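Hello,

I am passing this structure on to you, and I hope you enjoy looking through it. Please open it first, and then read my notes below.

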Amino acid sequence: MKQSPSISEHDNDVESDEKDQGKEIEVDEDALPSRAAAIHEEIRQDGEKELERDGMALLWSAVAAGLSMSASLMAKGIFHVHLADVPGGFLLENLGYTFGFVIVIMARQQLFTENTVTAVLPVMHKPTGGNFMLLLRLWGVVLAGNLIGTALGALAFNHMPIFDEATRQAFTVISEKVMDNSPSEMFANAVISGWIIATMVWMFPYAGAAKIVVIVMMTWLVALGDLAHIVVGSVEVLYLVFAGTLPWQEFLWPFALPTLLGNITGGTLIFALISHAQIRNDMSEAAKAKAKAEQKRKDKAQKKQQ
């Protein structure tokens, strides 16, 4: 006798129309009303996979991502020291900011700001309580893992004999610049940062071999604008905390909470909602056209029978 699957096997199943009908999400551009719809559906498909992943797998991947993002501070600090007197050094120094993103995204590690777009599309498609709880679970696990990883990276930079004094001083200068912003400035900067990262994710399905160029281009823009990012910024601010120059509570406020809310607002409440709205209209019109064509076919068949 065949045993029925245990309840736990279905705990992470995303609810969607396709699963109700026993179908796969359609991602073929020729079968969809627009290229934008094809991108939307491909990202939604990836989002469903992320929402259904095992919690421990998500956590370890997120911790790895937090550690990898330490590369942004490391590269930027080293560039800061060696490009101080070089014309255009500001541009090259901020190129170092992109290193962590390249590592994390190309290695397919879990980054919180990426998931604010990818994982939210299945919830927008079918906003049920179950899907919403899966989204909160994913965000909570990934954010916690990212922060653990950034803390480990910042701790290592402070206490392991890796860098010379000039580089450590550069880390301090870079990190203190983050804390020059007020909570409202942190939030506003983070909104734009969240929007840019969401745009980057939206570009991936058709980026092909140019994916790494897209990552560098978009994240370099975040660095050039001195925009706030919850994961990279955590490495920088926690560096000051572990160095003893910043109290713990200042990590939470004015940095972490306004930045987190800003990234979510820019990546989810603005970008993802607007993108989903246009696709929903496209898909709705396509469904209406299909239903109309089907009705015409039925009417013709009835006339022939008469």
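Here is what was found, from the overall fold down to single residues.

First, some ground rules. This is a predicted model, in which local features need pLDDT of at least 70 and side-chain atom pairs count only at pLDDT 80 or more, while totals for chains, interfaces and linings use all residues. Residues are numbered from 1 along each chain as its sequence is written, and side-chain values use heavy atoms, with hydrogens and water left out.

**The whole protein**

The protein has 14 helices and zero strands (helices are DSSP runs of H or I with at least four residues, strands are runs of E with at least two, and both are numbered from the N terminus). Of its 306 residues, 47% count as buried; buried means under 20% relative accessible area, exposed means over 50%, and partly exposed lies in between, with a 1.4 Å probe and protein chains only. The accessible surface comes to about 15500 Å², and 62% of that belongs to carbon and sulfur atoms (areas come from the Shrake-Rupley method with a 1.4 Å probe, and for residues only the protein chains shown count as cover).

Among contacts (heavy atoms within 4.5 Å) with a separation of 6 or more, 80% are between residues 24 or more positions apart. Here is a pair to find in the viewer: Met56 and Val141 are 85 residues apart in sequence, and their C-alpha atoms are 8.6 Å apart in space. Met56 belongs to helix α3 (residues 55-68) and counts as partly exposed, because its relative accessibility is 47%.

The largest nonpolar core has 67 residues, and Phe101, Phe112, Met200, Ile230 and Phe255 touch the most other members. A nonpolar core here is a set of buried Ala, Val, Leu, Ile, Met, Phe, Trp, Tyr and Cys residues joined through side-chain atoms within 4.5 Å. Leaving out residues up to four places away in sequence, Ile230 touches Phe112, Thr113, Leu143, Phe255, Ala256, Thr259, Leu260 and Asn263.

Ile230 is also one of the buried residues of α13. That helix is largely enclosed by the rest of the structure, because 12 of its 14 residues are buried. From first C-alpha to last, α13 reaches 20 Å, close to the 20 Å expected at 1.5 Å a residue (the expected span is 1.5 Å times one less than the number of residues). After α13 comes Gly244, with a positive phi near 85°.

How is α12 (residues 211-224) placed? Its buried residues are Lys211, Val214, Ile215, Met218, Thr219, Val222 and Ala223. They cover an arc of only 160° around the axis, so they lie on the same side of α12 (the arc is that of the directions from the helix axis to the C-beta atoms). These buried residues pack against α5 (89-95), α6 (98-106) and α11 (183-203).

Just after α12, Asp226 takes a positive phi of about 50°. The side chain of Asp226 also meets that of Lys177 in a salt bridge, at 3.3 Å from N to O. This pair links distant parts of the chain, with Lys177 in helix α10 (residues 165-178) and Asp226 in the loop between α12 and α13 (230-243), 49 residues apart. Lys177 is partly exposed, at a relative accessible area of 43%, and Asp226 is partly exposed too, at 33%.

Asp226 is also among the contacts of Asn189, together with Asn181, Leu227 and Ala228, if neighbours within four places in sequence are set aside. Asn189 sits in helix α11 and counts as buried, because its relative accessibility is 18%.

**Salt bridges**

The structure holds four salt bridges, each a side-chain nitrogen of Lys or Arg within 4 Å of a carboxyl oxygen of Asp or Glu. In one of them, Arg44 pairs with Glu41, with the closest N and O atoms 2.6 Å apart. Arg44 and Glu41 are about one helical turn apart, because three residues separate their positions in helix α2 (residues 35-51). Both Arg44 and Glu41 are buried.

Another salt bridge joins Arg53 to Glu50, and here the closest N and O atoms are 3.9 Å apart. Arg53 is partly exposed, with a relative accessible area of 27%, whereas Glu50 counts as buried at 13% relative accessibility.
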